[in-house]
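Take a look at the fold below. We will start with the whole chain, then move to its sheet and one of its helices.

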Amino acid sequence: YFSMVRIGALLLVGLLASVLASLFLARKMVAPIQMLQNSAARIAAGALEQTIDIRTGDELEELGEEFNRMSARLRESQADLEQQVEDRTADLVKTNEQLHVEIFEREQTQEELVAFTAKLEQSNEQLHVEIFEREQAQEELTAFTAKLEQSNQELQTFASVAAHDLQEPLRKVQAFGDRLAKCSDMLSEQGRDYLSRMLDAATRMRSLIDDLLTFSRVTTQGQPFVRVDLTQVIQEVLSDLEVRIEDVGGTVEVDGLPTLDADPLQMRQLFQNIIGNALKYHLPGRPPVVKVHGQFLNGHAHHPEGSPPAQGSWQITVEDNGIGFDEKYLDRLFVIFQRLHGRGEYEGNGVGLAICRKIAERHGGSITAKSTQGEGSTFVVTVPITHSEGESA
């Protein structure tokens with residue numbers, strides 16, 4: 001019996017020890033583990049500030065410290081993530097604002113582009129209308145030019161034929177007038193006056209016919225262009241005008257004239273008309289002084305009637321100290337049969353300078369003048385140095 005009691009007591013003591021051991025183990029291990037579980041659940045729920053204070057002095061305490069370090073890293077990561085989200089959000093807001101500005105600017109640009117396109121279409125329509133009108137004007141100009149050329153040709157033919165047809169009856173008038181003059185003693189004084197007037201009128205008529213024929217022949221009977229030494233041409237002109245120069249006591253100075261492509265007879269006629277006028281229209285009591293000189297103009301020089309040839313041009317200037325003229329009449333100066341002075345003051349038919357203009361234009365050049373009344377005149381003839389083949393036709 002005693003042994004049984006002893007065994008029972010030992011069993012009771014063992015059971016008690018086991019319960020105490022279990023309680024100790026629960027306090028030592030289960031509570032920290034439970035704490036870890038709860039903290040992990042709270043962290044999972046977002047409470048990253050959660051920490052664990054385990055002081056068991058064993059692996060559980062190290063596990064708690066590692067848990068706390070993990071929690072700290074999570075908090076740092078959370079803070080970094082929040083900062084990144086904030087920065088990204090700010091960037092998105094800025095980008096969104098920039099996008100709105102860009103969209104606004106693009107809308108404005110689109111509106112401007114639409115407006116510009118409308119203006120461009122309107123301008124294009126106007127351009128088409130203008131081109132059409134210009135083409136019509138060009139066609140009309142071409143037709144008018146053709147008619148004008150035909151009219152000029154007919155006019156030149158008419159002038160030539162009329163002048164020839166007028167010569168024969170005029171010769172008869174002069175012939176019978178000369179016969180009447182031989183027996184003028186049989187006429188009364190009034191008859192002789194009528195006869196004198198008739199012969200003077202016939203002489204002026206012959207002069208007009210000759211000038212008209214000369215004017216019409218500038219283009220119809222011009223000679224092919226050859227190399228012409230203008231110095232030699234002027235010397236021949238001065239030889240023809242020698243008597244007139246001596247009569248008026250005049251002098252003619254010639255310097256720096258070129259050699260160029262021209263019709264030699266027409267060049268001679270041109271300068272004979274200009275120099276002859278300079279000798280004729282001189283001031284009383286002042287001997288006429290005429291200066292003829294040339295100046296080279298390169299291919300880019302100004303041309304009074306248009307652009308000069310690329311090879312260059314020569315400008316021939318004839319200056320005199322004569323009576324001059326009022327430049328407001330310049331447009332009449334080179335028109336046929338236009339006179340600035342009465343026939344009683346100076347002889348002539350008003351054809352000479354018109355012939356000069358026609359000759360200059362046939363040579364692809366021009367003629368103009370400048371003057372002051374009482375102080376002389378300056379005539380400027382501009383002609384190209386060379387001409388293309390067939391240009392003189």
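The paragraphs that follow go from overall figures to single residues.

This is a predicted model, in which local features need pLDDT of at least 70, side-chain atom pairs count only at pLDDT 80 or more, and totals for chains, interfaces and linings use all residues. Residues are numbered from 1 along each chain as its sequence is written, and side-chain values use heavy atoms, with hydrogens and water left out.

The protein holds eight helices and seven strands. Helices (H or I, at least four residues) and strands (E, at least two) are DSSP runs, numbered from the N terminus. Of its 393 residues, 30% are buried; buried means under 20% relative accessible area, with a 1.4 Å probe and protein chains only. The accessible surface is about 26,000 Å², by the Shrake-Rupley method with a 1.4 Å probe. Carbon and sulfur atoms account for 55% of that surface. Contacts are heavy atoms within 4.5 Å. Among those between residues at least 6 apart in sequence, 72% join residues at least 24 apart.

Now the sheet. Five strands make up an open, mixed sheet, ordered S2-S4-S5-S7-S6. Strands S2 (251-255) and S6 (366-371) stand at the edges; each has a single partner, so one side of each lacks a neighbour in the sheet. The twist averages 15° from one strand to the next, taken between axes that are lines fitted to C-alpha atoms, with angles from 0 to 180 degrees between N-to-C directions.

Pairing here requires at least two DSSP bridges between two strands. S4 (residues 289-297) and S5 (residues 313-320) run antiparallel over eight bridges. Gly-294 has Ile-316 of S5 as its bridge partner. S6 and S7 (residues 377-384) are also antiparallel, joined by six bridges. There, Thr-368 is bridged to Val-380 of S7. Five residues separate S6 from S7 in their hairpin, where Gly-374 adopts a positive phi near 80°.

Which helix is largely enclosed by the rest of the structure? It is H6, because 12 of its 17 residues are buried. Among them are Met-267, Leu-270, Phe-271, Ile-274 and Ile-275.

Asp-263 caps the N-terminal end of H6, with a side-chain oxygen 3.1 Å from the backbone nitrogen of Leu-265.

Definitions and conventions: Buried means under 20% relative accessible area, exposed over 50%, partly exposed in between (1.4 Å probe, protein chains only). A polar contact is a pair of N or O atoms within 3.5 Å; within protein, one must be able to donate a hydrogen and the other to accept it, and residues adjacent in sequence count only if both atoms are side-chain atoms.
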